[in-house]
Amino acid sequence: MTLYSIFGDPVSHSFSPKIHNACFKEFGLRHLGYTRTRLEDGSKLRETFLDLNLKGANVTVPHKEEAFKACDEVRGVAKVIGAVNTVVNENGRLIGYNTDAPGFVESLKAHGNFQKILIIGGGGTAKALATAFKDEHRDLTVVNRSKKRLDFFKESGIKAFTWESFKPEKFDVVINTTSAGLEDNSLPIPEEILEKLFETKPFAVDVIYNKNTPFLQYAKSKDLKTADGEGMLIWQGVLAFSYFTSIEDKQEIYKTMKEAFAL
Ligand code: NDP
């Protein structure tokens, strides 16, 4: 059996094994299997990957920046943002990619063509999305709890603020990329800021999937249109699966993963 895994902490909520295993079956790859690995110490990612003799892996919160360091070579948008969510073992060399950003852009297309975008958060996902939107010349603003993660955005010419320095205005879409609400009941930004932001009725998206997060609950209570991270999860999985197997039929992969996700 050739093995793949998702690394994260926590990782028990991950749907990646389900959607990848469904595709292995659908495409007749019965010698491939996908499991999950809870990893507390991200610096052990490379060692654990090799010990488990993996052919490939996905990486979720909080280890994407460690995954970047663990790779022998990093390709595409992952190189710009310093965060890897997909690792492929190419003859003993670990190759890193980031499929979150292109996955998110693909999933957002189903909801409209948004120009003025606010990203809440400054971690790996926020960097990935900001890089993808910047490439498409969208009007982009980032707001994060702490200052330390803002340098990347400022150096890339993106407007970036802490909660304290941020002034709410009208946005077409507000995207929560923080892990607030994943394991707790917190909003990603103080309620008084969110209330002002939601007055102009932007589309509200949370990248967390399969959970009605406090952010989404609050948006719905203000009659906003919303989406969770399901589309992004499926599309990042489609692109990762394509890297793992070299299968190019992305619509067929998407269809299989979406069906598996709904089971
Ligand atoms: P990182 O660890 O790289 O970054 C976490 C970010 O969240 C930081 O900006 C941090 O702020 C902020 N944050 C954490 N807790 C809080 C809080 N209580 N209040 C405000 N801000 C907070 O994480 P990732 O970018 O890798 O992942 C973020 C989320 O995105 C996770 O929930 C993950 O599950 C989800 N995700 C979903 C995907 C999908 O396919 N749907 C794909 C990828 C990720 P600070 O800098 O101040 O610490």
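Mentor: Helices (H or I, at least four residues) and strands (E, at least two) are DSSP runs, numbered from the N terminus. The model here is predicted.

Trainee: In which helix is Ser 107 found?

Mentor: Helix H5 spans residues 100-108. Ser 107 is found in helix H5.

Trainee: Is Ser 107 buried or exposed?

Mentor: The cut-off for buried is under 20% relative accessible area. Ser 107 has 13% relative accessibility, so it counts as buried.

Trainee: The backbone oxygen of which residue lies 2.8 Å from a polar atom of the Ser 107 side chain?

Mentor: Look inside H5, where Phe 104 and Ser 107 are both buried. The backbone oxygen 2.8 Å from a polar atom of the Ser 107 side chain belongs to Phe 104.

Trainee: Leaving aside neighbours within four places in sequence, which residues is Ser 107 in contact with?

Mentor: Helix H10 (230-245) is among the elements that the buried residues of H5 pack against. With neighbours within four places left aside, the contacts of Ser 107 are Gly 231, Met 232 and Trp 235.

Trainee: How many of the 9 residues of helix H5 are buried?

Mentor: The list is Asp 100, Ala 101, Gly 103, Phe 104, Val 105, Ser 107 and Leu 108. H5 is largely enclosed by the rest of the structure, because the buried count out of 9 residues is 7.

Trainee: Which elements do the buried residues of H5 pack against?

Mentor: Take helices and strands in turn. The helices are H3 (64-70), H6 and H10. The strands are E10 (173-176) and E11 (203-206).

Trainee: In what order do the 6 strands of the open sheet lie?

Mentor: The pairing in this sheet is parallel. Its edge strands are E9 and E12 (226-227), and each pairs on one side only. Starting from E9, the order is E9-E8-E7-E10-E11-E12.

Trainee: How many bridges join strand E7 to E8?

Mentor: E7 (residues 116-120) and E8 run parallel. Lys 116 stands opposite Asp 139 in E8, and Leu 118 has Thr 141 as its bridge partner there. The number of bridges joining E7 to E8 is 5.

Trainee: In E9, what is the bridge partner of Thr 141?

Mentor: E8 and E9 (residues 159-162) run parallel, joined by 4 bridges. Thr 141 is also the bridge partner of Leu 118. In E9, its partner is Lys 159.

Trainee: How many of the 6 residues of strand E8 are buried?

Mentor: E8 sits between E9 and E7 in the sheet order. The strand, residues 139-144, is mostly covered. Its buried count is 5.

Trainee: How many residues surround the ligand?

Mentor: The closest are Thr 125, Asn 144, Ser 146, Arg 149 and Val 207. The total is 28.

Trainee: How much of the area that the ligand exposes when taken alone does the protein bury?

Mentor: Start with the polar atoms. An oxygen atom of the ligand is 2.8 Å from a polar backbone atom of Gly 122, and a ligand nitrogen is 3.0 Å from one of Gly 229. Taken alone, the ligand exposes 940 Å². The share that the protein buries is 90%.

Trainee: How far is a polar side-chain atom of Arg 149 from an oxygen atom of the ligand?

Mentor: Arg 149 is one of the closest residues to the ligand. Its polar side-chain atom lies at 2.6 Å from the ligand oxygen.

Trainee: How far apart in space are Ala 83 and Asp 100, C-alpha to C-alpha?

Mentor: Ala 83 is in the loop between H4 (77-81) and E5 (86-90). It has a relative accessible area of 0%, so it is buried. In sequence, Ala 83 and Asp 100 are 17 residues apart. In space, the C-alpha separation is 9.9 Å.

Trainee: Is Ser 246 buried or exposed?

Mentor: Ser 246 is in the loop between H10 and H11 (250-262). Its phi is near 65°, a positive value in a residue other than glycine. Exposed requires over 50% relative accessible area. At 58% relative accessibility, Ser 246 therefore counts as exposed.

Trainee: Is the peptide bond from Val 61 to Pro 62 cis or trans?

Mentor: Pro 62 is in the loop between E3 (54-59) and H3. Omega for the bond is near 5°. The bond is cis.

Key
Residues numbered from 1 in each chain as written. Predicted model: local features only at pLDDT ≥ 70, side-chain atom pairs only at ≥ 80, totals over all residues. Heavy atoms only, no water. Buried < 20%, exposed > 50% of the residue type's maximum accessible area, 1.4 Å probe, protein only. Pairing = 2+ DSSP bridges. Contact = heavy atoms within 4.5 Å. Polar contact = N/O pair within 3.5 Å; in protein donor to acceptor, adjacent residues only side chain to side chain. Near = heavy atom within 4 Å. Areas by Shrake-Rupley, 256 points an atom, 1.4 Å probe, with all protein chains shown as cover.
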